[in-house]
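The sequence and structure come first.

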Amino acid sequence: MMRLLASTVAAQSGLAIRIIKTLPSRSFCVPPYVAAGLRSRSMCSSVPAAKERRLQIGTSSIHFVEAGDGNRGVILLPGALGTAWTDFKPQIEGLPALLPRHRVIAWDPPGYGKSRPPDKEFTVDFFERDAAAAGELMQKLGLQRYSIVGWSDGGITGLVLAAKHPERVEKLVVWGSNSYISDTEVKIYEGIRDVRKWSARMREPMEQVYGVDHFPKLWSAWVDGLLRIYHERKGDICSGKLKHIKAPTLVVHGAKDPMIIPDHVPYLLNNIKNSDLHVFPDGKHNIHLRYASEFNAIVAKFILA
């Protein structure tokens, strides 16, 4: 699959592919190539402990985690039904040391996690609504320009936000994300609707957030929301918006990701003007958790470039 992806991207986008070699886990010190870009004498940064906060955004009381105390911003956007802590614990704990001039914001999107009640309504425009709320959150925090780091559904939200407000977004990082829904993915979504078929490792963190009885209902509603986009918008989540993205964009891809078809990678590269690619050959959907140290270093280097 890696060779297939490499040849497809090379043929369709003309961009070089850099294969990431996975390394042993290490402490969260600033790598030399990152430190070189900072006017700092220390290779390791001590950062304030993460703080949990709330802000009213529209009709929602939004819960978010804030780490670091820089005057620039990075927002972490979680995947479907994900929260700041379930999806981004290694980034909340690791990125502030790598990005000492940034405040790292990780949120629970409206209707998810502690940003309830109420539960999210998966309308055909729920990605646009999340993007608007994320942008308003950053504005209320006084971060007029910021970078976006989005996983899966959060990557879609990031694509929409970067297209809607190109003047605000400095850098964009997405992985496990798609801008349209294919016939194949409809089958994938239906195949994962029944959470009883999931492994306990994947299912239990969501059950802890939403409850054993409620999580299956909310997940099924998410599947219905994507199928609604597929039928009512012919699968177009945000593909028509990609041309409006101006921020330098890094697409990170796990070559063994079972949640998206490989076609999405060259599609994003071809339709986002200033984009590049990093591939984890053995990575699946959760590369930022499985290869946290390497992932954080890649993201920090890109944001600081």
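## Lining of the largest pocket

Helix α3 gives the largest share of the lining of the largest pocket, five residues. The model is a predicted one. At least two lining residues each come from α3 (84–98), α5 (153–164), α6 (183–191), α7 (200–210) and α8 (214–232).

In total, 36 residues line the largest pocket, and those nearest its centre are Trp151, Trp198, Met202, His285 and Asn286. By class, the lining holds 19 nonpolar, 10 polar and seven charged residues. The space in this pocket is about 1,000 Å³.

## Serine 275

Serine 275 belongs to strand β9, which covers residues 275–280. With a relative accessible area of 9%, serine 275 counts as buried, because the cut-off for buried is under 20%.

A polar atom of the serine 275 side chain lies 2.9 Å from the backbone oxygen of isoleucine 272. The backbone oxygen of leucine 269 is 3.2 Å from a polar atom of the serine 275 side chain.

## The chain overall

The protein chain contains 11 helices and nine strands. Of its 305 residues, 54% are buried.

Taking contacts between residues at least 6 apart in sequence, 77% join residues at least 24 apart. The chain has an accessible surface of about 13,600 Å², and carbon and sulfur atoms account for 53% of that surface.

Notes: Residues are numbered from 1 along each chain as its sequence is written. This is a predicted model: local features need pLDDT of at least 70, side-chain atom pairs count only at pLDDT 80 or more; totals for chains, interfaces and linings use all residues. Side-chain values use heavy atoms; hydrogens and water are left out. Helices (H or I, at least four residues) and strands (E, at least two) are DSSP runs, numbered from the N terminus. Buried means under 20% relative accessible area, exposed over 50%, partly exposed in between (1.4 Å probe, protein chains only). Contact means heavy atoms within 4.5 Å. Accessible areas come from the Shrake-Rupley method with a 1.4 Å probe; for residues, only the protein chains shown count as cover. On a 1 Å grid over the protein atoms alone, a cavity is a set of points where a 1.4 Å probe fits but cannot get out, and a pocket is an open set with protein on both sides within 12 Å along at least five of seven lines; lining residues have an atom within 4 Å of a point. Grid points are joined across faces, edges and corners, and a volume is the space filled by probe spheres set on the points. Ala, Val, Leu, Ile, Met, Phe, Trp, Tyr, Cys and Pro count as nonpolar, Asp, Glu, Lys and Arg as charged, and the others, Gly among them, as polar. A polar contact is a pair of N or O atoms within 3.5 Å; within protein, one must be able to donate a hydrogen and the other to accept it, and residues adjacent in sequence count only if both atoms are side-chain atoms.
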